[in-house]
Amino acid sequence: MKNCITRSEQRVHSTLLPTAYSLRSTAWLRPLMLFIFALCLPAAASAERVKDLASVAGVRGNQLVGYGLVVGLDGTGDQTSQAPFTIQSIKNMLAKFGVTIPATANPQLKNVAAVTVHAELPPFIKPGQTIDVTVDSIGNAQSLRGGSLLLTPLRGVDGEVYAMAQGSLVVSGFGVQGKDGSRISINVPSSGRVPNGASVEREVPSSFGSTPYVMLNLHTPDFTTATKLVDGINGLLGADTAQAVDAVSVRVAAPTDLNQRISYLSTLENIEIQPGEAPARVIVNSRTGTVVIGSHVRVTPAAVAHGSLSVTITERTDVSQPNAFSNGTTVTTPRSQIDVQQPEARMFVFNAGVNLDEIVRAVNQVGAAPGDLVAILEALKEAGALRAELIVI
């Protein structure tokens with residue numbers, strides 16, 4: 001029996017032997033294969049860090065905005081006859097340098113564009129550090145590519161100057177226009193960025209460390225997550241260390257010394273908790289037809305039949321020619337052709353407690369498009385069969 005080996009078995013052995021030899025010769029691949037296999041395993045409900053679920057109250061950025069000029073454009077700037085504020089800004093800037101332009105002069109510039117400059121001032125940033133700025137045209141400039149932003153003060157909502165911006169623009173968009181009016185544009189050439197283009201000149205006052213506690217605000221309001229956050233902090237740092245204020249805020253006792261408080265917050269941020277599950281929601285984007293269905297969406301018993309009616313109207317004109325020597329005239333008569341198509345509508349039944357997978361499978365079997373799915377979900381919600389919150393954005 002040992003010699004009774006079929007040809008197919010010989011082929012299998014001849015195929016497996018080189019593979020085994022190659023695995024022995026490439027033993028270094030085994031840890032990588034085990035790592036990839038571990039990633040492919042279904043993960044259990046994993047905990048999340050506090051820093052991914054909440055933020056510290058008062059630790060936030062501040063918006064800055066300013067008005068400036070971009071110069072050095074290759075004939076793609078503002079048309080000054082339609083954007084008079086650009087010329088006014090040029091005159092004001094030149095007057096500060098001692099250059100006077102006659103009141104009757106009206107320069108027709110094509111290499112200058114009036115822009116707005118905005119940026120976000122990160123928390124705890126200090127004078128002398130730099131931040132990125134975004135530059136957007138507010139006139140009719142065709143492109144800001146190749147331009148440079150002149151020195152522009154950036155102000156906060158209190159009117160104080162917190163940064164000064166200046167530098168060469170990085171524009172990802174591109175636009176070309178022909179003499180006949182044709183134009184090709186890729187992305188948005190009238191907007192750009194200046195990396196590290198603003199220097200911070202003023203520090204934002206902060207109340208960090210002025211109270212004997214810190215307030216953690218959840219990104220998503222949830223009573224269950226707030227309760228688990230309190231339990232996680234108290235389990236590590238002691239009872240009554242954290243107290244829930246509402247579904248968003250959790251008050252945590254903290255040291256007043258700044259050095260100790262920073263180390264204390266570092267410990268808080270890395271505590272891992274199991275957040276509460278999101279409520280059952282169906283999100284519908286009415287403009288794009290995008291539908292997002294949560295995993296906890298359920299449908300009570302319901303029967304759905306969905307079909308579509310297509311009506312096509314074709315208009316054409318017939319020409320009637322008179323007979324020869326009949327002294328008649330040529331006339332045109334309209335002719336309409338109407339075609340109505342109604343495909344066979346399919347019906348499917350949702351059983352009690354249908355989950356997300358079964359909903360998607362049933363809709364795919366019918367062949368419903370995203371727009372049809374929106375109509376089905378809205379009808380189920382009106383019928384009281386959809387156990388979820390329907391949100392249309």
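Which exposed residues does the face of α6 turned away from its buried side carry? That face carries Asn259 and Ile262. Here, exposed means over 50% relative accessible area, buried means under 20%, and partly exposed lies in between (1.4 Å probe, protein chains only).

The model is a predicted one: local features need pLDDT of at least 70, side-chain atom pairs count only at pLDDT 80 or more, and totals for chains, interfaces and linings use all residues. Residues are numbered from 1 along each chain as its sequence is written, and side-chain values use heavy atoms, with hydrogens and water left out.

The protein chain has 8 helices and 23 strands. Both are DSSP runs numbered from the N terminus: helices are H or I with at least four residues, strands are E with at least two. Of the 393 residues of the protein chain, 27% count as buried. A contact means heavy atoms within 4.5 Å. Among contacts in the protein chain with a separation of 6 or more, 69% join residues 24 or more positions apart.

Helix α6 covers residues 258-269. The expected span of a helix is 1.5 Å times one less than its number of residues. For the 12 residues of α6 this gives 16 Å, and the end C-alpha atoms are 16 Å apart, which agrees. Arg261, Tyr264, Leu265 and Leu268 are buried in α6. They cover an arc of only 100° around the axis, so they sit on the same side of α6. The arc is that of the directions from the helix axis to the C-beta atoms. The cover over these buried residues includes α3 (50-53), β2 (54-56), β11 (213-218), α5 (223-237) and β13 (249-253). At the start of α6, a side-chain oxygen of Asp257 comes to within 3.3 Å of the backbone nitrogen of Asn259.

Helix α4 spans residues 84-96. Its 13 residues should span 18 Å, and its end C-alpha atoms are 19 Å apart, which agrees. Thr86, Ile87, Ser89 and Ile90 are buried in α4. Their arc is only 160° around the axis, which puts them on the same side of α4. On the other side, Pro84, Ala95 and Lys96 are exposed. Pro84 has a relative accessibility of 54%. Pro84 and Asn106 are 22 residues apart in sequence and 9.5 Å apart in space, C-alpha to C-alpha. What covers the buried residues of α4 includes β3 and β4. Gly98 follows α4, and its phi is positive, near 85°.

Nonpolar packing comes next. In soluble globular proteins, nonpolar side chains tend to be buried together. A nonpolar core is a set of buried Ala, Val, Leu, Ile, Met, Phe, Trp, Tyr and Cys residues joined through side-chain atoms within 4.5 Å. The largest such core has 24 residues, and Val135, Leu144 and Leu154 have the most contacts inside it. The elements giving two or more residues to this core are β3 (62-71), β4 (112-121), β5, β6, β7 and β10. Strand β4 gives the most, with 5 residues. Leaving aside neighbours within four places in sequence, Val135 is in contact with residues including Val70, Val115, Val117, Leu144, Leu149 and Val194. Apart from this core lies another, of 20 residues, among them Leu53, Ala226, Ala242 and Leu268.

Charged pairs were also examined. Side chains of opposite charge can pair when their charged atoms come close. A salt bridge is a side-chain nitrogen of Lys or Arg within 4 Å of a carboxyl oxygen of Asp or Glu. The structure holds 6 salt bridges. One of them joins Asp132 and Arg193, with the closest N and O atoms 3.5 Å apart. This pair links distant parts of the chain: Asp132 is in strand β5 (residues 130-137), Arg193 is in strand β10 (residues 191-200), and they are 61 residues apart. Asp132 is partly exposed, at 34% relative accessible area. Arg193 is also partly exposed, at 40%.

Glu160 forms a salt bridge with Arg202, the closest N and O atoms being 3.3 Å apart. Glu160 lies in the loop between β6 (148-155) and β7 (161-168), and Arg202 in the loop between β10 and β11, 42 residues apart. Arg281 and Glu389 meet in a salt bridge at 3.2 Å, N to O. Arg281 lies in strand β15 (residues 281-284) and Glu389 in strand β23 (residues 389-392), so the pair ties together parts that are 108 residues apart in sequence.

Note on methods:
A polar contact is a pair of N or O atoms within 3.5 Å; within protein, one must be able to donate a hydrogen and the other to accept it, and residues adjacent in sequence count only if both atoms are side-chain atoms.
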